Amino acid sequence: MPVNSRLAVALVPAVRMSARIYLVRLPLLEVRALSGIYKVLSAILAAIVIVCGVLYLPTHRFFFQRSAYSEFFERLPMTLELVIASVIIGLALAAICTLLSRRPTAWLGAALAAVLFLCMCIPVFWIALTGQLVFAAHGIHIFGYFVQLPSAGFAQYDAFNITDRLTHLVLPATLLALVQAGAYVDSMRSDFSVRRLFAAFALLLPAILSADVLIEIIFAWPGVGRSFFANGEPYHTSSMVAFLLFGAAAVIIVRSVAAILSRPDDTDVEAFQPL
Amino acid sequence: MKRSAIVAAIVLALFSAFIIIATPIVGDRASMIDKVRWEGYPMAPCFVNASECGGHILGSDENGRDMVARLIVGGGVTLGTAALALFIELAIAFGLMLLARHGGPILDRIVIAFAEGMSALPRVPLALLIAIVTFATARHYIHPSTLQIATWFGVIFWPAAFFAMRSRAAPIRFARRSVGDLMTILLVSSTIEFFGYGHQPPTPTWGNMLANMDSVSEIAWWASVFPAVCIVVTVLLLDIVRRGLPPVQDAAWFDKLAMTSLRGSP
């Protein structure tokens, strides 16, 4: 048996099984088993939407003399750096809050949870601009130390410098983490498990992407979210379409993984989307 | 339903009633410059500088317009738009739910796939895209009406309500999602208006009162803090209501209400 067909023999059942799990377990996303012609129809519908978006993208070349894809993938690492750092900080904040909510420090945990829930209700652009004003433009005295972080950009020097990168990262990443931490606290409080936490993250992901756009604009972070803004105005609709298509693809992939991991009684997982 | 949620709902209702009653009283002052006392810079609130506030309890904005009047009128516009958007969203979701349930299995699957795809899109870039594509021309930004703005958000937000109407514990899910969606609509719409889309000046909204905050907040903190406080308090009250609703598991509480016709197929 040639290697190709052996691979196919191994892969086809795996793909079919995962598709089946996806479609049967999809109650998490509240869709149930598709079969036969419906799969084809929904695939055609999705294809029409995607083709319309993809056909629109070449207009990018008209203005920028380069394709939307190359610009997107050039900027993607910066966005991933920001989003991954923010998820780590958000999970750390939620974990601290959950650990503190045990007996001797329960009031501290409750106070931190209240702060995190409050942060979820504040418009992201407002908290970002205010954070920039306080921590970057003016600087602040914390425990006798004067802290002043960089106000914009992702690095000062061309050469890689870890301190330089981290000082630029900490403020935008923390502000982006404040969007998510409240939802993680909610998820950790109702019977905690990694799969339910991941499901909450999957439901929250579009909101994280939206907030990421705002944070990148305000902190001049050179990621994909910033690519469609010029002079404070979102002119570049082709870049926006690229962001929406790839963002939706990422969300669907993450949600599929969450659906595969989920159990039938996980339908009560919900995450409030601040954006 | 928790007592805190009931209290929060009553406070919200009183808040809305206050805005409705006060809007015609202060309506003229919201877009009127205080030519008598304005000297070219924002007037401080009375609790900051009682001698020079000139009767503006929360000060004035960078153009010398009374903050209290603008907050009240802007609150009416903001909350009215959000409520209208929720209504449109529910109407779209209800129509598509009927289509999905009675239009045969094929339509059902198509609508579900479409809703699943829609709910994966990040809302702020999508709203910005709709706002630009429908209303921006090469030189001008056409003023959209409240109904048009509400329609943008209705079109963006319907999938959550659709899934809630279609699911097993429909009524309780429906209530939780509706309150959550109202919160999200408020936050997204204020973000869109912050960028200068949506309602155009001189119409005040809590979002577009913050549009100049990057330059104004250093000289007049009140001009950027009070609209944000209004947004945060409203969203927080809605959050308390949402958290006070019973969890999805015990749907029996809500089944007593006569909303059984909304319940989806199992």
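In the predicted model, chain B follows the pattern α-α-α-α-α-α-α-α-α along its sequence. Its secondary structure accordingly amounts to nine helices and zero strands. Along the principal axes, the C-alpha atoms of chain B occupy a box of roughly 70 × 50 × 30 Å. Buried residues account for 47% of the 266 residues of this chain. Among contacts in chain B between residues at least 6 apart in sequence, 70% link residues at least 24 apart.

Chain A contains nine helices and two strands, arranged along the sequence as α-α-α-α-α-α-β-β-α-α-α. Of the 275 residues in chain A, 39% are buried. When contacts between residues at least 6 apart in sequence are considered in chain A, 69% join residues at least 24 apart. The mean pLDDT of chain A is 81, and 80% of its residues reach 70 or more. Residues 22-36 of chain A stay under 50 in pLDDT, and the model has 33 contacts beyond four places in sequence for this stretch. Where pLDDT is low, the predicted coordinates should not be read in detail.

The contact between the two chains takes 40 residues from chain A and 44 residues from chain B. On the side of chain A that touches chain B, at least two residues each come from helix H2 (37-56), helix H5 (106-121), helix H6 (124-138), helix H8 (194-218) and helix H9 (237-261). H9(A) gives the most to this side, with nine residues. By class, the side of chain A that touches chain B comprises 32 nonpolar, five polar and three charged residues.

Two packed helices are described by the angle between their axes and the distance between the axes. H9(A) packs with helix H4 (residues 123-135) of chain B at an angle of about 145°, and the axes are 10 Å apart. The crossing in which H9(A) passes H4(B) is left-handed. From H9(A), Thr237(A), Met240(A), Phe243(A) and Leu244(A) take part, meeting Pro125(B), Leu126(B), Leu128(B), Leu129(B), Ile132(B) and Val133(B) of H4(B). The contact of H9(A) with H4(B) has nine nonpolar residues, one polar residue and no charged residues.

H4(B) itself has 13 residues and reaches 18 Å from its first C-alpha to its last, close to the 18 Å expected at 1.5 Å a residue. Its buried residues are Arg123(B), Val124(B), Pro125(B), Leu126(B), Ala127(B), Leu128(B) and Ala131(B).

H5(A), another helix that supplies residues to the side of chain A touching chain B, has 16 residues. From its first C-alpha to its last, H5(A) reaches 23 Å, close to the 22 Å expected at 1.5 Å a residue. Leu112(A), Ala113(A), Leu116(A), Cys119(A), Met120(A) and Cys121(A) are the buried residues of H5(A). Their cover includes helix H4 (68-100), H6 and helix H7 (162-189) of chain A, together with helix H8 (221-244) of chain B.

Within chain B, H8(B) also packs with helix H2 (residues 67-102); the two axes come within 11 Å and cross at roughly 35°. Here H2(B) passes H8(B) in a right-handed crossing. Met67(B), Leu71(B), Gly74(B) and Gly75(B) of H2(B) meet Trp222(B), Phe226(B), Pro227(B) and Cys230(B) of H8(B). The residues of this contact divide into six nonpolar, two polar and no charged.

Several local backbone features were also identified. A cis peptide bond, with omega of about 10°, joins Pro201(B) and Pro202(B). Pro202(B) is placed in the loop between helix H6 (170-194) and helix H7 (213-216) of chain B. In chain A, Phe143(A) is not a glycine, yet it has a positive phi of about 50°. Phe143(A) is situated in the loop between strand S1 (140-142) and strand S2 (145-147). This residue counts as exposed because it has 5 C-beta neighbours inside 10 Å, the cut-off for exposure being 12 or fewer. Ala220(A), likewise not a glycine, has a positive phi of about 45° and is placed in the loop between H8 and H9 of chain A. With 13 other C-beta atoms within 10 Å, Ala220(A) is partly exposed.

Technical notes
Residues numbered from 1 in each chain as written. Chains lettered and ligands numbered in written order. Predicted model: local features only at pLDDT ≥ 70, side-chain atom pairs only at ≥ 80, totals over all residues. Helix = DSSP H or I, 4+ residues; strand = E, 2+ residues; numbered from the N terminus. Buried ≥ 20, exposed ≤ 12 C-beta atoms within 10 Å, placed from the backbone. Contact = placed C-beta atoms within 7 Å. Nonpolar A, V, L, I, M, F, W, Y, C, P; charged D, E, K, R; others polar. Expected span 1.5 Å × (residues − 1). pLDDT = per-residue confidence, 0-100. Axes fitted to C-alpha atoms, helices over the stretch in contact; angles between N-to-C directions. Left-handed = near helix turned anticlockwise from the far one by under 90°.
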